[in-house]
Amino acid sequence: MLRHPNLVAWYKLDGNAKDSSGSFKDGINTNGITNSGKSDKGYSFDETGYIWCPLVLSLTRYSIGGWVKSTYAYSVGTIFGQELFMKVKLSYNKLIVLIRTSVSGWDVYQTIYEGVVVDAWNHIFVVFDNNTHTLKFYLNGNCIYTNTVIPSVSVTYDKNFQLNGYGGAHENIRVALDDFQIYNKALSESDIKRIMMGLHPLN
């Protein structure tokens, strides 16, 4: 399959953290365990595990997502994100999106009360377009949340993107991840559905 022109990184997680996009942004796995994935293999994590990725998200626009399976009914912790910029978290398997909009701290833009199904694969995608200040959240191909977001221009967004991780004193997460993709454009709902089917978005 030809590389999509807006694909920044693609972590298939088929037994390694290599980038399959052709951008040479291979991740570094810490404490992630190779396990069964949505298709082929994936990685399982607790709060000590993460994959560090050598990329910094663009403030302009991005689309990020992949397959997530929570294996613990009380999972609390970060699924993916970039410190000081954006995080997607689980809180007792309810979804939370955090965007940094001020120097002083995080703004929780939404606790999405439609949570993930435990012990089942859920397709999660976050889409942000700074031209329209629009944040959208997709669960299993459907847009379940939209909000207006204006990120802080006073914060230096220089931390690297991670899958899982940032474990803290109050995090207790058990998740499996598979097939994560990062694009430098705001994908449409039809694009997200195509990715779910294993296809590239349309240009």
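## Cores and rings

Both Tyr43 and Phe45 are buried. They also pair up as a stacked couple, with ring centres 6.1 Å apart and planes at 25°. Keep in mind that this is a predicted model.

**Nonpolar cores**
- The largest nonpolar core has 38 residues, and Ile79, Phe80, Met86, Ile124, Phe161, Leu163 and Leu177 touch the most other members.
- Leaving out residues up to four places away in sequence, Ile124 touches a list of residues including Ile64, Val68, Ile79, Phe80, Leu95, Val116, Phe137 and Leu139.

**Aromatic pairs**
- The count of aromatic pairs comes to six.
- Tyr74 and Tyr92 have ring centres 6.2 Å apart and planes at 80°; angles over 60 degrees count as edge-to-face, so that is what this pair is.
- Tyr74 is in the loop between β6 (61–70) and β7 (76–82), while Tyr92 is in the loop between β8 (86–91) and β9 (94–102), so the pair ties together parts 18 residues apart in sequence.
- Tyr92 is exposed, at 53% relative accessible area.
- Ring pairs join Tyr72, Tyr74 and Tyr92 into a cluster.

**Lysines over rings**
- Lys12 has its charged end over the ring of Trp10, 4.7 Å from the ring's centre.
- Lys38 lies over the face of Trp67, 4.6 Å from the ring centre.

Notes: Residues numbered from 1 in each chain as written. Predicted model: local features only at pLDDT ≥ 70, side-chain atom pairs only at ≥ 80, totals over all residues. Heavy atoms only, no water. Core = buried A, V, L, I, M, F, W, Y, C linked by side-chain atoms within 4.5 Å. Buried < 20%, exposed > 50% of the residue type's maximum accessible area, 1.4 Å probe, protein only. Contact = heavy atoms within 4.5 Å. Phe/Tyr/Trp six-rings, centres within 6.5 Å; stacked < 30°, edge-to-face > 60°. Helix = DSSP H or I, 4+ residues; strand = E, 2+ residues; numbered from the N terminus. Lys NZ or Arg CZ within 6 Å of the ring centre and 35° of its normal.
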